[in-house]
Amino acid sequence: MRIEMMDHHLQRQLSHEGNRPFTVHSVFTHACNFLTEEGVWVTIVSQHRRLPPNGMRIDHNRDLRTQFKQGERVFLPVKDPEIRVMKLDVTSLSMKEKETRRNQSIKLEYMKACLDEKGMPESLVKRELPGGIEGSLRLLEQSLDKNSLEAVKKAAQGLIGFGSGLTPSMDDYLTGRILMWKAWSTNFPETAEEDYSRVIEEAGRGKTTAASEWMIRFAAEGRCSEEILCFIDCFFAKSSGREFEEAFHEVLQIGSTSGEDLMLGMVKEGTRLLKKVEGGSSKWD
Amino acid sequence: MSKINELFDSELRVINVGLESFSKELKMQKKAVVHVEWKPVAGGNKKLADILNQLS
Amino acid sequence: MGLKSYVKKNSYYDSVVLMQVTKELKKSGEIDEVIVGMGTELNKELAGNLGLLTDELKEITANDFFVALDGKDTVDMDEVLVAIKELLNKKKTSEDEDYRPATVKSALKVMPEANLALFSIPGEYAFDEVKKALNEGLHVMLFSDNVSMEDEKTLKDLAKEKGLLMMGPDCGTAIINHTPLAFANVIKPGNIGIVGASGTGTQEVSVLIDKFGGGTSQVIGTGGRDLKEEIGGTMMLMGIDALEADEKTEVIVLISKPPHISVAKRILERVKKCKKPVVVDFIGGDQEMIRSYGAYPCISLEDTAHKAVALGKRETPGDFTGFSMEERAIDDMVENEVKQYSSSQKYLRGLYTGGTLADEAIMFLSESVGGIYSNKPKSPELKLEDVFKSKEHTVVDLGEDEFTIGKPHPMIDPSNRAERMSQEGKDDEVAVVLMDMVLGYGSHEDPAGEMLESIREAKEAMAAGGGHLTVVASVCGTEGDPQDLEETESKLKDAGVILLPSNAQAVKFAVKIMNRMS
């Protein structure tokens, strides 16, 4: 097994150490999660799969469950000089030409309309939510509007860990919101809001699965997987309808509802920020 | 040499988009094929695709 | 009340498995409430709100997996839990472990040296997807139909500009580098190159080339409308260029329904300049015109194959019009059939799955037997009022739209034709049923087997009424095809089907019977 590609951040981290063992956290057919001795989350994915944050892509696509067992300690060929590196950072995306406000509005409209039409019955878009969750969502919206971090944290405490999946639906949703915010404030620093991602991360500690905690943590650092990054690029940079559609489509494929839940978060946050920038209701709303 | 003649001189490597049976049969013949799990974008809805057409 | 929970500590399942579990639980309809998820506080709270919080569940943490359900009294909850456990522990996920990208672009990341894209998606989406593929420098085969003529022209012009193959729309048959694509047969490699605008026509010609000891270099499909005035024969012309430049090709064969006159001229002008011999089958087209441009015209698909093989061997091609067997033996067989008919029997019914094969049948039958009713007749007054009901002499192409709405093509699913066969058997005015049997990739794995019951039924029904049903067929297949050719032929013979080596001969045999009766 060879590692073909690695997340830039991860490579930097590992370069400071000697070759240390990883403990297998959870194994799937085409992905395997590990924890380093310091408890840092690392993920291996099969050939051709999209690279996740702190991820490594290997050169084959045989069933990983035959190679790794939960709880095992293994050494991985992370020091191979041939390994290529990829930046998975929304804050370091460089765009040749930025998208106009009008086009951003159209893209958001498209995203909303698609989620309404297509949604899986179990996704957040389609399913009925319990009263407590609805309440927390309302609180979240209000607290983001007011940029009140304490209230955001309280709202997040009432949302994180809710839903099915290895990364519960609400966690995907919040991740989507965080990533959109991160990308937006990088591209439009004049937005001038306080970064709320850290309080969401704090709210999530111990309240959800390890995989999800790390997903939120990475998002709070502006880090996400390859296809999400590609989508964000297509959203903020000038892109054709076709390119945008394809990038959107790829994110929706993630997990069974994860992609949709995450995208819902992105739509909500993008709409909120666009409205804010345009002062009140957008004329394209 | 024209591109078509170049194709004739190379190994055929197919991207199959649509019917799975075509991919399966190519695999049966040990031919190089990648199957694209194609789904219509925008839920197959022209109305949605038209939204994107407004992009300038 | 059947409240049960299932917990697996420190366990993680991917979304595919979780979806399967949820589906399994919902499908019985006997489960009132269910939650599938990880043991986070909020999920446990939800379980509590739904009355599903068992003691077992209270103890779990965020990294533990759980299923909580409440079912009707009729449900054996323990059984349900066993089913869930099995799903969760399944070692094998799918047979195909290959990565399946969602777009052509991602597919190119997986296979950067891909050189051909084969599309079989709904026609309304095809234009955009094909355009993208051509712009990526891929040759294209477009199986889909329901693409407008205008769009076809745009795509073919774009392909021409880029020097790429644009086979289709409505292209069902191609064999590139000896690889059958979509509906095509396994043909021995050889020196004959084919450019075909009709699917089963191309299949029949290639199969017969193989049968007559020849082989193909390349078989290029153009799609059914290439030789219409609006398209102008773009792909056929490109095909001729490519085959002329191809070292392995020594003979070129062109197959199409009669083209628009301006297009025919354009093609033949090009043929005239061709350095290699060209056999032109414009099915039923102007033979003299073709000959005047120095090409070899043809009388039937079989004749096309004969001529091509002869030219491939540097022999002078003659016309093949008769039978492979001795004429006398054929006449004996005809006699044997006719003597068994009852006085009411007088009509012929052709049940075809291949469009061009049906066309060839209608063409020959019209010349000798008279008006042939059809869903695609030679003249409008012979159009069947109800395509599902034969009238007098009838030949139907069961692959046409009116028969395939919401149903697979008869080459894939023979049941439509089997039904029609039984129906014809109940009509005591029918003497002969004529059919094709197309093998090769794309086709059903045992098309003959699927017809046996209805053939037997039809014959028995006719015999019970004091008559005899003649079933005549030809098998369009080679030994290399995935179906067993020998077995196919013997199955049909055992069921009493008279097999001829080509569609042309099967039709001619039917003509002989009809003539003998009148």
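In this predicted model, chain C exposes about 21,200 Å², of which carbon and sulfur atoms supply 48%. Chain B exposes about 2,800 Å², with carbon and sulfur atoms supplying 51% of that area. Between them, chain B and chain C bury about 3,700 Å².

**Chain C: overall architecture**

- The secondary structure of chain C consists of 19 helices and 18 strands.
- The C-alpha trace of chain C spans about 90 × 65 × 40 Å along its principal axes.
- Chain C has 518 residues, and 59% of them count as buried.
- When contacts in chain C between residues at least 6 apart in sequence are considered, 70% join residues at least 24 apart.

**Chain B: overall architecture**

- Chain B contains three helices and two strands, and its elements follow the order α-β-α-β-α from the N terminus on.
- Of the 56 residues in chain B, 50% are buried.

**The interface between chains B and C**

- The size of an interface is often given as the accessible area lost when the parts come together.
- For chain B and chain C this area is about 3,700 Å², and 62% of it lies on carbon and sulfur atoms.
- On the chain B side, the residues that lose the most area to chain C are Phe8(B), Ile15(B) and Trp38(B), which together account for 20% of what that side buries.
- In terms of residues, 34 from chain B are in contact with 49 from chain C.

- Thr22(C) belongs to helix α1 of chain C, which covers residues 15-27.
- Thr22(C) has a relative accessible area of 17% and is therefore classed as buried, the cut-off being under 20%.
- A polar atom of the Thr22(C) side chain lies 2.8 Å from the backbone oxygen of Leu18(C).

- Most residues other than glycine have a negative phi, and most peptide bonds are trans.
- The peptide bond from Gly168(C) to Pro169(C) is cis, with omega near 10°.
- Pro169(C) sits in the loop of chain C between β6 (166-167) and β7 (173-176).
- His178(C), although not a glycine, has a positive phi of about 60°.
- The position of His178(C) is in the loop between β7 and β8 (179-182) of chain C.
- In chain B, Lys30(B) is not a glycine either, yet has a positive phi of about 60°.
- Lys30(B) is placed in the loop between α2 (20-28) and β2 (32-36) of chain B.
- With a relative accessible area of 76%, Lys30(B) is over the 50% cut-off and so counts as exposed.

Key. Residues numbered from 1 in each chain as written. Chains lettered and ligands numbered in written order. Predicted model: local features only at pLDDT ≥ 70, side-chain atom pairs only at ≥ 80, totals over all residues. Heavy atoms only, no water. Helix = DSSP H or I, 4+ residues; strand = E, 2+ residues; numbered from the N terminus. Buried < 20%, exposed > 50% of the residue type's maximum accessible area, 1.4 Å probe, protein only. Contact = heavy atoms within 4.5 Å. Areas by Shrake-Rupley, 256 points an atom, 1.4 Å probe, with all protein chains shown as cover. Polar contact = N/O pair within 3.5 Å; in protein donor to acceptor, adjacent residues only side chain to side chain. Buried area = accessible area lost by both parts, 1.4 Å probe.
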